[in-house]
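Please read it alongside the sequence and the structure.

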Amino acid sequence: MNSAVANAVGAEALPENIAADLAAFAAGLRYEDIPGRIRIRARHLILDAVGIALASHRFDFAGASLRGIEALAGAGPADAAAGEATVIGHPRRLPLRDAALANGLLVHGLDYDDTHVPGIIHATASAFPCTLALGERLGASGEDVLAAYVVAVEAGARIGSVPRGGFHRQGFHPTGLVGAFGCALGAGRLLGLDAGRLAMAQGVALSTASGSMEFLEDGAWTKRLHPGWAAVAGITSAYLAGDGFVAPGLPYEGRFGLFRTHLGAPAQGNCDFALATHGLGETWELDRVAVKPFPACHFLHGCADAAIAIARGHDLDPGAVEEVTAFVPEETIATICEPAANKVRPVSDYDAKFSVQYAVAASLTRRAFGLAELEEDALTDAGILNLAKRVRYRPDPASAFPRAFSGEVVVRTRDGRELRHREEINRGADERPLTNGEVAGKYMDNARLTVDGPKAIAIRDAVLGLDRCEDVRAVAKVLGG
């Protein structure tokens, strides 16, 4: 082990060179090496992402964001077909990196996209926009795009898993931060880079990766940018490395590498560095990517399902509730519970997506927690807001975090009853996955919010048939507005 590694945090537990190992995997992976079930699931994860991107067009953030991106690109009404890359559900094509940014924003914009649970990273939201845009430029086959997508997901998931929730605790959003490294590898594979240049691309990504959790303080829109920006960073890194750009050789374990600079000392001690590379090409992290049943932060899903079960199972009258206690993983409290004053009265739909108090109150009141519960009429519903004030949170002593996002809700009624329900494993997690049929159903529900039935079916069939496509531009054409 070289001296730079020896001086790094936790060096005794580190692989020899994480970037080199990930690069060798990316360079050597053939599409036929990917197990059949992983190929099928990959297409369904992409389908889920496309449906969410289509649904996002209903919301104000999409229009405002796309106008800004178009202005940056210099695109106007007369330039509808002038760009080289497709924006999902949108009539205008944009330059490569602008389209990747836009698609990442649309996929992640509703916080309804998939999550790799151990890494706590929304991998598809960066990996697919990256590989779609670049694949479209190159005229790559569907198989090549899918293989590059799998590389990006596998790498991002593994890097995100190493600190076991540590990035979040330090205020960094792994989807943007870690996604850039995965995208650098996925983009580099599509460009045909060898292992040495794929390693160098990760070194470039170290200086382009970003993602702050500050949006939690006021429900800001910035989180929506993170995966698209990761795609942009990955594409940029791959192109620079491909033309001989020299970057740091130890972007993860180096003295100023990712793990040392982005984790405090306690989090560094909690790292499992072997997770970055162990079982590459044999153990598929894509198997552990959870599809969301709720359009909100994954951390609160267990409590939302528990509240719905109580409301339906006991025919609960919300007016009869005296107090509610939500038990959540201790590691998630700063994200979904605090500051409590903000959480009990969300100022926006995005604010509500990160409030266990609001999610539990809405779920108990409406016996559901979907996009409708994030509309203005729900956010201003006096009954929901009054109940949210009576939702207390406590650390869950039996939490399965980070293996799963456990949740338990206890309701005490005014007549002295105690109603309790626990979700040990959140629905959608790898131990309770949504089936591919359920994913396709979710896609159709989302797609039909903005496109008609025949168009939704055409998009579904194109995505699920991606592996049979000789030129991904044919699929991209179907995805456009």
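**Notes on helix packing and local geometry**

1. Ile-120 counts as buried, at 7% relative accessibility (buried means under 20% relative accessible area, with a 1.4 Å probe and protein chains only). Ile-120 sits in the loop between S1 and helix H6 (124–138); helices (H or I, at least four residues) and strands (E, at least two) are DSSP runs, numbered from the N terminus. Although Ile-120 is not a glycine, its phi is positive, at about 50 degrees.

2. On provenance, this is a predicted model, in which local features need pLDDT of at least 70 and side-chain atom pairs count only at pLDDT 80 or more, while totals for chains, interfaces and linings use all residues. Residues are numbered from 1 along each chain as its sequence is written, and side-chain values use heavy atoms, with hydrogens and water left out.

3. Asp-111 is found in the loop between H5 and strand S1 (115–116). With a relative accessible area of 1%, Asp-111 is buried.

4. Thr-175 belongs to helix H9 (residues 174–177) and is buried, its relative accessible area being 0%. Leaving aside neighbours within four places in sequence, Thr-175 is in contact (heavy atoms within 4.5 Å) with Ile-120, Ile-121, His-122, Pro-227 and Ala-230. The Thr-175 side chain reaches the backbone nitrogen of His-122 at 2.9 Å, a polar contact in the sense of a pair of N or O atoms within 3.5 Å; within protein, one must be able to donate a hydrogen and the other to accept it, and residues adjacent in sequence count only if both atoms are side-chain atoms. Thr-175 and Gly-119 lie 56 residues apart in sequence, and their C-alpha atoms are 9.1 Å apart in space.

5. How do H5 and H12 pack? Helix H5 (residues 96–108) and helix H12 (residues 226–242) meet at an angle of about 150 degrees, with their axes 6 Å apart. Axes are lines fitted to C-alpha atoms, for helices over the stretch in contact, and angles run from 0 to 180 degrees between N-to-C directions. H5 and H12 are therefore roughly antiparallel, a term for angles over 145 degrees. The crossing of H5 past H12 is right-handed, that is, the near helix is turned clockwise from the far one by less than a right angle. H5 contributes Leu-96, Arg-97, Ala-100, Leu-101, Gly-104 and His-108 to the contact, and among the residues of H12 are Pro-227, Trp-229, Ile-235 and Tyr-239. By class, this contact of H5 with H12 has nine nonpolar, four polar and one charged residues; Ala, Val, Leu, Ile, Met, Phe, Trp, Tyr, Cys and Pro count as nonpolar, Asp, Glu, Lys and Arg as charged, and the others, Gly among them, as polar.

6. Arg-224 is placed in the loop between H11 and H12. Its relative accessibility is 2%, so Arg-224 counts as buried. Not counting residues up to four places away in sequence, Arg-224 touches Phe-61, Gly-104, Leu-105, His-108, Gly-109, Asp-349 and Tyr-350.

7. In helix H11 (residues 195–205), the buried residues include Leu-198, Ala-201, Gln-202 and Ala-205. The buried residues of H11 pack against helix H2 (18–28), helix H10 (179–190) and H12.

8. The axes of H10 and H11 cross at roughly 145 degrees and come within 9 Å, and H10 passes H11 in a right-handed crossing. From H10, the contact involves Ala-180, Phe-181, Ala-184, Leu-185, Gly-188 and Arg-189; from H11, it involves Leu-198, Ala-201, Gln-202 and Ala-205. These residues of the contact of H10 with H11 divide into seven nonpolar, two polar and one charged.

9. Val-439, in helix H22 (residues 436–447), is buried, with a relative accessible area of 1%. Val-439 and Asp-48 are separated by 391 residues in sequence and by 6.3 Å in space, C-alpha to C-alpha. Apart from neighbours within four places in sequence, Val-439 is in contact with Arg-41, His-44, Asp-48, Val-291 and Leu-434.

10. Which residues are joined by a cis peptide bond? Glu-338 and Pro-339 are joined in this way, with omega about -5 degrees, as are Phe-401 and Pro-402, with omega about 0 degrees. Pro-339 lies in the loop between helix H16 (333–336) and helix H17 (340–343), and Pro-402 in the loop between strand S4 (391–395) and strand S5 (407–413).

Conventions:
Parallel < 35°, antiparallel > 145°, perpendicular 65-115°, else oblique. Buried < 20%, exposed > 50% of the residue type's maximum accessible area, 1.4 Å probe, protein only.
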